[in-house]
Amino acid sequence: MIMNNLILMPVIWPLLTGIILIFFGKKVGIQKVLSLFSSIIGVIIAATVVYRVYHDGMITLAVGSWKAPFGIIIAADMLAALLVLTTTVIGAAILLYSFTGVGKDREHYYYYSIFQFLLVGVNGAFLTGDLFNLFVFFEVMLMASYVLLVLGGTKIQLRETLKYIIVNVLSSALFVISVAYLYSIVGTLNMAQLSERIAEVNQPGIVSVIALSFLVVFGLKAAIFPLFFWLPGAYYAPPIPVIALFGALLTKVGVYSIFRTYTLIFYHDQFFTHTFLGALSLLTIIAGVIGAVAYWDVKKIIIYNIVIAVGVITYGISLMNDQAIAGSIFYLIHDMLIKAALFLLVGVMMKITGTSDLRKMGGLIKQYPYLAWTFFIAAISLAGIPPFSGFAGKLLILQGAVSAESYVGLAVILLSSLMVLYSVMRIFIYGFWGKPAVTKEQPVKQSVEKLLAPAILLVTITIFYGVGTETVYSYISQAVETILDPDIYINTVLGGE
Amino acid sequence: MEVLMAIVIGILFMCATYLMLSKSILRIIVGTGLLSHGAHLLILTMGGLKQGAVPILSDAAGVYVDPLPQALILTAIVISFGVTAFLLVLAYRAYQELGTDNMERLKGTDNHE
């Protein structure tokens, strides 16, 4: 029983930390020490959860001992456990960056508290086994993200937060509406029982319609093709650690929800729903590529790379064969780590040069070789060059596309990798090579070690993730097993009735 | 009864969509209010509007109305209340700082800051 309570700890622990941090509002030193300590414990907890799930199979916890369909179920399968571990690691790295990167005026106004609440929402969304509970954790996450987005109150933040909130209020209302429709048809909110009942009625047309309305809801969070319009503006506004947190975690929660609903609940009429998802994913990739190639702004380039990655992952989901699903999971975790790392690196570049315009940068490699080579490794990892982490995921997705005979998807993903490489190499070439840009003050070498350390940490993790594919794969294949056989999930949650 | 509710909820969604597409921030916020009203009424309707006692356990009643949608609505109401309060304060701050309530003028393409 204690072991089962463990899987709730990734939610409880940051929640507790966030609450305690509220009492130290103005004492930034105490806040930093406490939240760093909490993050380290959080990583240990998450690693323990992964270890337990790896050895014991999927773990569930009935909150308040109310049996499965009636109470709220916390369910940790391998996918959820791995994503929780990734989240806490990224959270810890970005927290380290925040210590020097976020500035006093934000730290004095509960920045670290809200940071923890965001982690509560994200971890909760990964672990829950109940659709309405997922909605609540979405709101926890979104509310924290609204505050983090606007904290500091500059003009651009106020402007973009207004748009971001309005879009998310709309998508939350759509979420509630979709839940209401689904409840009226199957009469339950527990994901396992939902899946079981939809299997019994064999997904009639109305359920496919609801599946698409969930796709709209989660697509708005995850920024898939026609619904990504809010993302470039909203992610441009906040300071770098907040963008890194958003870019690494928020859209991925939407992707995870698509993952969960389209593999556990709505998987019976795949020709309709999954073909639709596949087409949207490819359009997402194309839209992202256009954005990533078009801009001269380092932040914008990485932001559009988020959109591309979301498209690649959801394309893998839409194929529904074991290679593609394994590839999607592999790529999802890789992308969370590498996007956080890239935003932090871009943040260091902006700190040095004082601008995000690529045309005003240049020659950074002479004074900052570590930054340059870390960025280089991150860039080629993002594009998927073999020894690094982006390779295995994309390879598996491509294999999945071949075995599903979807050659259009194959071509789009391969070409998109090339354009991704072009977009980030452009940052490398214009930012790091060439002559140092002419600045008004003397080009004094700034000390950026403290900002660079967390980025190097993340890139090192991705290197191990890429090189140690064999080790990682045994975890991921366990996740794939649960994903492709919903009966494992259903039987574990409902107690094998 | 459900048909009538469905029509009313449809009208609420229609008004909400119309208001959210307008230029003034306050009209958009009124739109989000109507949207959440519609969503909450929809949960109630979709849970079924059959006759029954209030969901408080007593000896007299044989049939109760479904208590689950009511709990869901209660949760959704406080969440949308919190978000709306935040949105209103944000709109107030944005009006103070940016000096406009016209969404058309909040584009910010001229300066990247």
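A crossing of two helices is called left-handed if the near helix is turned anticlockwise from the far one by less than a right angle. In this predicted model, helix α8 of chain A passes helix α3 of chain B in such a left-handed crossing.

**The interface between chains A and B**

Across the interface, 29 residues of chain A are in contact with 34 residues of chain B. The two chains bury about 3000 Å² between them, and carbon and sulfur atoms give 83% of that area. Arg159(A), Leu162(A) and Tyr183(A) supply 21% of what chain A buries against chain B, more than any other three residues. These three residues also take part in the contact of α8(A) with α3(B).

On the side of α8(A), the contact includes Lys155(A), Leu158(A), Thr161(A), Ile165(A), Ile166(A) and Val169(A). Among the residues that α3(B) contributes are Phe86(B), Leu87(B), Leu90(B), Arg93(B) and Glu97(B). The residues of this contact divide into 15 nonpolar, 1 polar and 4 charged.

**A helix pair within chain A**

Within chain A, helix α21 (residues 469-484) and helix α22 (residues 486-494) have axes that come within 4 Å and cross at roughly 85 degrees. Because angles of 65 to 115 degrees count as roughly perpendicular, α21(A) is roughly perpendicular to α22(A). Helix α21(A) makes the contact through Glu481(A), Thr482(A), Ile483(A) and Leu484(A), and α22(A) through Pro486(A), Ile488(A) and Tyr489(A). By class, the residues of this contact are 5 nonpolar, 1 polar and 1 charged.

| Helix pair | Angle between axes | Axis distance |
|---|---|---|
| α21(A) and α22(A) | roughly 85 degrees | within 4 Å |

**Thr353 of chain A**

Thr353(A) is found in helix α15(A), which covers residues 322-353. The side chain of Thr353(A) reaches two backbone oxygens: that of Met349(A) at 2.8 Å, and that of Thr355(A) at 3.2 Å. Leaving aside residues up to four places away in sequence, Thr353(A) touches Met361(A) and Leu364(A).

Key. Residues are numbered from 1 along each chain as its sequence is written. Chains are lettered from A and ligands numbered from 1 in the order in which they are written. This is a predicted model: local features need pLDDT of at least 70, side-chain atom pairs count only at pLDDT 80 or more; totals for chains, interfaces and linings use all residues. Side-chain values use heavy atoms; hydrogens and water are left out. Helices (H or I, at least four residues) and strands (E, at least two) are DSSP runs, numbered from the N terminus. Contact means heavy atoms within 4.5 Å. Ala, Val, Leu, Ile, Met, Phe, Trp, Tyr, Cys and Pro count as nonpolar, Asp, Glu, Lys and Arg as charged, and the others, Gly among them, as polar. A polar contact is a pair of N or O atoms within 3.5 Å; within protein, one must be able to donate a hydrogen and the other to accept it, and residues adjacent in sequence count only if both atoms are side-chain atoms. Buried area is the accessible area (1.4 Å probe) that two parts lose on being put together, summed over both. Axes are lines fitted to C-alpha atoms, for helices over the stretch in contact, and angles run from 0 to 180 degrees between N-to-C directions. Angles under 35 degrees count as roughly parallel, over 145 as roughly antiparallel, 65 to 115 as roughly perpendicular and the rest as oblique.
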